[in-house]
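Subject: Structure handover

Hi,

Here is the structure I promised to pass on. Please open it alongside this email.

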Amino acid sequence: MRVSKIYAPTLREVPAEAEVVSHQLMLRAGFIRKSAGGMYTYLPLALRVLKKIEVIIREEMDEAGAQELLMPILQPAEIWQESGRWSVYGDEMFRIRDRHSREFCLGPTHEELVTTLVRADVRSYRQLPLNVYQIQNKFRDERRPRFGLMRGREFIMKDAYSFDRDEAGLDASYKSMYDAYTNIFTRCGLSFRPVEADSGAIGGSGSHEFMAIADSGEAEIVFCPECAYAANVEKTELFPIEVSSEEMLPRQEVVTPECKTIAAVCEFLQIPIEKSVKAVAYTSSKGLILCFVRGDHDVNEIKVMNACGVSEIDMAPEEMLIASGTVGGFMGPVGIDPQKVIIIMDNSVMNMHNFCCGANKKDVHFINVNPQRDFAPTIITDIRLVQEGDPCPHCGGKLKKARGIEVGQVFKLFTKYSKALKTNFLDENGREQPMVMGCYGIGVSRTMAAAIEQYNDSNGIIWPAAIAPYEVLVVPVNTKDEASTAKAEEIYNSLGEAGIEVIIDDRNERAGVKFKDADLIGYPLRVVVGPKTLANGEIEVKNRRTGEVKMLDLAADYVSEIQAMLALYNRE
Ligand code: ATP
Ligand code: MG
């Protein structure tokens with residue numbers, strides 16, 4: 001390929017709307033252009049990267065025994081109504097009608113379609129296990145499309161679905177996908193970590209997310225430096241605090257004027273924050289949810305949704321609080337009817353004695369509140385958000401936090417979809433059994449963005465060699481000098497013939513301009529050919545990652561040397 005021909009319009013300015021570095025660099029380096037919010041055209045350089053990621057994915061999926069197929073993007077409403085998700089998927093689903101007013105959606109995921117496909121064709125245990133995958137554009141009308149390719153409304157996903165006879169089979173399928181994902185992200189050159197994950201709206205239990213570690217990541221994870229434990233903060237289980245041995249004291253009302261936060265109350269009453277309980281109120285499809293955690297703890301909304309069996313919660317409006325007999329800033333569990341309002345107590349609160357909390361009246365709190373004696377919760381469970389330094393649930397070590405980009409996720413679905421969609425097989429004894437399923441996603445376009453988030457500097461992108469759009473750029477520094485230009489063409493041809501993905505900057509531009517673009521686009525190796533070094537029979541090869549410059553003798557086997565440098569590129 002020739003730089004003079006390639007459609008890669010670079011920009012000098014950083015586009016204002018781009019908040020994260022991958023978005024900025026992909027726009028500046030001429031990889032993507034926006035068509036509408038969260039929707040992008042992949043220009044030739046980006047498409048090359050995506051295709052390379054896809055090749056790696058296909059090789060590892062095929063190796064793991066999965067078979068590629070391609071399902072329609074457009075899916076009929078009926079199968080979603082049958083699974084019950086047409087109504088629960090909500091606004092994230094793009095819905096359309098055909099000319100006969102039949103309803104369809106643009107596939108956000110394909111559990112329904114694949115399950116009904118298999119339902120029609122797979123009848124016997126002899127046909128199982130089965131694992132199928134596809135690589136395709138997915139559509140989700142995200143509430144906040146942002147960060148370029150990281151959270152798009154149309155994006156490329158690899159999705160795989162496994163069908164097994166029993167849970168032991170599912171375990172084996174899950175493990176082989178987990179291992180394949182580990183290979184895929186390793187080969188893509190990412191620095192990543194699999195973490196225990198919440199299985200979210202898709203259901204089932206047992207899930208891992210593959211997190212590319214990056215400060216710009218939207219996800220927060222914890223990991224234990226002492227053992228292998230790592231989890232999404234949404235999922236992290238926490239032990240309750242120890243049961244208090246304090247004698248229970250009589251409950252007492254205290255006036256706390258203008259003390260609207262728990263910190264202000266504790267300050268005013270001169271009590272430690274560990275002796276207080278704070279409330280967070282949510283509205284949901286099941287009505288008001290009042291959550292209580294110790295004053296210095298925070299509420300994990302995912303745990304709250306799971307505990308209540310709802311898929312969405314929002315901050316409760318003041319009118320709703322008042323209608324339920326409480327008031328914002330002074331909420332407490334005493335006197336609230338647990339049949340009318342969902343009162344969730346964090347496990348730790350149930351072990352506290354003589355704590356302070358709101359009295360459901362403006363400017364009033366209680367002190368010396370005690371569980372069992374003073375109130376009755378609807379649900380007692382772990383709803384606390386993990387903090388750095390909390391004990392590891394496996395070994396007790398102190399947990400650390402990091403941010404990550406979710407590039408993939410593996411789920412055990414068990415029989416959630418096969419039961420809902422009556423997808424059964426006949427076992428050895430001729431009995432009907434529901435298939436045991438798993439599903440496995442990779443964000444292909446997000447993986448490209450994650451690689452840039454991890455590998456860049458002030459000059460541009462630093463692609464891992466395995467997914468770089470081209471491996472080597474050849475730069476003739478002076479296009480007016482015929483001898484060196486001819487030599488550059490010759491080198492370009494030799495590298496291409498050796499199977500190296502090479503591009504030549506044949507533009508009639510100053511060397512400085514070419515070098516700037518080379519750094520911006522992030523080719524792993526840059527070969528400079530000019531009269532000066534040619535006089536010594538040499539070319540200059542610069543490593544984009546380390547900045548190291550090496551002179552290669554043209555009389556020697558420079559092609560093999562360059563191949564060796566590429567092989568080493570990601571390991572240095
Ligand atoms: P998130 O929590 O980031 O919204 P998700 O858990 O809803 O993602 P999955 O249903 O697990 O996503 O989809 C599989 C993979 O697809 C994700 O691991 C992620 O890499 C990718 N993905 C999901 N949503 C988007 C999006 N809006 N834009 C780009 N990639 C996405
Ligand atoms: Mg996910």
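Below is what I found in it, from the overall picture down to single residues.

**Overall**

Please keep in mind that this is a predicted model. The protein has 572 residues, and 53% of them are buried. Its secondary structure comes to 16 helices and 33 strands. Along the principal axes, the C-alpha atoms fill a box of roughly 95 × 65 × 50 Å.

**Ligand 1**

Ligand 1 is surrounded by 14 residues. The closest are Arg140, Glu142, Arg151, Gly152 and Glu406. By type, the shell divides into 5 nonpolar, 4 polar and 5 charged residues.

Two strands each supply at least two residues of this shell: β8 (154-164) and β23 (400-414). Which of them gives the most to the shell around ligand 1? It is β23, with 4 residues.

- Glu142: an N or O atom of the side chain is 2.8 Å from a nitrogen atom of ligand 1.
- Arg151: a polar side-chain atom lies 2.8 Å from an oxygen atom of ligand 1.
- Arg446: an N or O atom of the side chain is 3.0 Å from an oxygen atom of ligand 1.

Taken alone, ligand 1 exposes 580 Å². The protein buries 83% of that.

**The magnesium ion**

Ligand 2 is a magnesium ion. Its protein donors are Glu406 (OE) and Gln409 (OE1). They lie 1.9 to 2.3 Å from the ion.

Gln409 counts as buried because its relative accessibility is 10%, under the 20% cut-off.

**Helix α12**

Arg446, listed above for its approach to ligand 1, is one of the buried residues of α12. This helix spans residues 444-454. How many of its 11 residues are buried? The count is 11 of the 11, so the helix is largely enclosed by the rest of the structure. Others on the buried list include Val444, Met448, Ile452 and Glu453.

**Cysteines**

The structure holds 0 disulfides. Take Cys356 as a case. The cysteine sulfur closest to its own is in Cys266, 5.7 Å away. A disulfide needs the two sulfurs within 2.5 Å, so this pair is too far apart for a bond. Cys356 is buried, with a relative accessible area of 1%. Cys188 is buried too, at 0% relative accessibility.

Ser83 lies in helix α3, which covers residues 77-83. Ser83 is buried, with a relative accessible area of 16%. Its side chain makes a polar contact with the side chain of Glu112, at 2.6 Å.

Val88 lies in helix α4, residues 85-88. Is Val88 buried or exposed? Val88 is exposed, with a relative accessible area of 53%. Where does Ser311 lie relative to Val88? In sequence, the two are 223 residues apart. In space, their C-alpha atoms are 7.9 Å apart.

Best wishes

Terms used. Residues are numbered from 1 along each chain as its sequence is written. Chains are lettered from A and ligands numbered from 1 in the order in which they are written. This is a predicted model: local features need pLDDT of at least 70, side-chain atom pairs count only at pLDDT 80 or more; totals for chains, interfaces and linings use all residues. Side-chain values use heavy atoms; hydrogens and water are left out. Buried means under 20% relative accessible area, exposed over 50%, partly exposed in between (1.4 Å probe, protein chains only). Donors are N, O and S atoms within 2.8 Å of the metal (3.2 Å for Na, K and Ca); water is not among the atoms, so sites may look incomplete. A residue is near a molecule or strand if one of its heavy atoms lies within 4 Å of it. A polar contact is a pair of N or O atoms within 3.5 Å; within protein, one must be able to donate a hydrogen and the other to accept it, and residues adjacent in sequence count only if both atoms are side-chain atoms. Accessible areas come from the Shrake-Rupley method with a 1.4 Å probe; for residues, only the protein chains shown count as cover. Ala, Val, Leu, Ile, Met, Phe, Trp, Tyr, Cys and Pro count as nonpolar, Asp, Glu, Lys and Arg as charged, and the others, Gly among them, as polar.
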